[in-house]
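Hi,

Here's the structure I promised to pass on. Have a look at it first, then read my notes below.

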Amino acid sequence: MDQVAAAAGVSRATVSRVINNAASVAPGIRDAVQRAITQTGYVPNVAARSLVTRRSNSVALVISEPDRPDDHSFLNRIFTDPYFGRVTAGATGALRPHDVHLVVVPTDSADHHQVVRYLRQGHVDGVLLISSSEDDPLPAQVHSLGIPAVLASRPSGPLPVSYVDVDQRFGARLAAAHLLGRGCRRLATISGPLDIPAGADRLDAFREAAFSPPAGPSSAGASSASAGPASASAGPASPSAGPASSTGAASPSAGPFYPSAGAPSPSADALFTSAGAASPSAGPSSTSGAASPSGGPFSPSADVLLTSAGASSSSAGALFASAGAGSSWAGGSIPVEIGDFTRVGGEAAAHRLLDQYPDLDGLFVASDLMAEGALRALQDRGRRVPDDVAVVGFDDSSAALECRPLLTTVRQPVEEMAAEMAQLLIAHIDNPGRSPRSVIFQPTLVIRESA
């Protein structure tokens, strides 16, 4: 800085003000200092600056995986599963304009103490946390540190932390609606591990939709008891009406901060209960949820946003209207096999399903990678897709375009979700007292060749 000051003919303090973008520096002096910085090749000492600003200009993407006996594929999945690459790309793109760097920190429960120590030591300014277990203690541990954090899914307990998620149940219902609309009646599913936050939601919603499709438009505009916080009295948003806003309290079973807990949002329900009522292209719906009286003192300030870019041409309500009586398995259950979100796991799970249910005709697979493996198993068994078995995946990742036939899938906008996580985190870093927010994205159905 002394060399820059000498080259510019100003004081060292003036150089410091220019570097820190102080408004009190005259434009001519600022230009002179900038030229001197270029001439001398000066680069600020990040370590020294962090002592003053108390900022590292880095955030951690922590990927927390539960321990599973005899499963050593965790690190391999991080670097091969398109989901994690999409999260990294979306978050990095949003952080770059803020000159903030992303540090990827994979961990399992055995290493949680090391991660907590790393965060406590101030190496990063905040945390983007992907937690792959309902029982994972790491979200609560990170929250207890007082460090800004945003979760990649709805927390499993009453934790006042911002999160971004996709409406998992709505996505699973879209898949069921499409399969039923094609005339499939012997449905089955390959789920991810049920200790992963999305697993049970997708499986339960697919089962419910397959056996209990909404009856019709008579319930449009009404929110069921399990539908979450918001009254749908505002009705679905029409394309010309703009965003629909409604306010309500969280359901008692949802905990203090679950604006979307346990069921699709009111706008998602409207899609199913009133065919053609709200086109997915109508725009985002906004819902503010307050804490229930029994939920504790925490009350979120922020909105649940349902985005719908790239929507399917058919509304879910229309698909269900043509679906008939739903699945025809005896006993009213959907066969399910558990996979591990890999191609190999999906292939093995599909073989197990076909061993027990060789006449299944519709398959919902909880990730595109597993669906790619399931397609291999169907081909090995001589089953034509989609003529004999229709297949729907979940994610709309690059794997969906690598499948043959091309995979019909439920799209979750992972890059946009990760970018939203990063923006929320920057807001929390800049304003430590900011109230937690939740942002829920609406999935859409991408119809290709497999169903």
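This is a predicted model: local features need pLDDT of at least 70, side-chain atom pairs count only at pLDDT 80 or more; totals for chains, interfaces and linings use all residues.

The angle at which α2 (residues 12-19) and α3 (residues 27-40) pack is about 90°, and their axes lie 10 Å apart.

Which residues make the contact? On the α2 side you'll find T14, V15, V18 and I19, while α3 brings in I29, R30, V33, Q34 and I37. Sorted by type, the contact of α2 with α3 has six nonpolar residues, two polar and one charged.

Helix α13 (residues 343-356) packs against helix α14 (residues 368-380) at about 45°, with 6 Å between the axes. That angle is why α13 is called oblique to α14. The crossing of α13 past α14 is right-handed.

From α13, the residues R343, G346, E347, A350, H351 and L354 take part, and they meet L369, M370, E372, G373, A374, R376, A377, L378 and D380 of α14. This contact of α13 with α14 splits into seven nonpolar, three polar and five charged residues.

Last up, the cysteines. How many disulfides does a search of the whole structure find? The count is zero. Are C184 and C403 buried or exposed? C184 has 7% relative accessibility, so it counts as buried. C403 is buried too, with a relative accessible area of 2%.

Cheers

Technical notes: Residues are numbered from 1 along each chain as its sequence is written. Side-chain values use heavy atoms; hydrogens and water are left out. A disulfide is a pair of cysteine sulfur atoms within 2.5 Å. Buried means under 20% relative accessible area, exposed over 50%, partly exposed in between (1.4 Å probe, protein chains only). Axes are lines fitted to C-alpha atoms, for helices over the stretch in contact, and angles run from 0 to 180 degrees between N-to-C directions. Helices (H or I, at least four residues) and strands (E, at least two) are DSSP runs, numbered from the N terminus. Contact means heavy atoms within 4.5 Å. Ala, Val, Leu, Ile, Met, Phe, Trp, Tyr, Cys and Pro count as nonpolar, Asp, Glu, Lys and Arg as charged, and the others, Gly among them, as polar. Angles under 35 degrees count as roughly parallel, over 145 as roughly antiparallel, 65 to 115 as roughly perpendicular and the rest as oblique. A crossing is left-handed if the near helix is turned anticlockwise from the far one by less than a right angle, and right-handed if clockwise.
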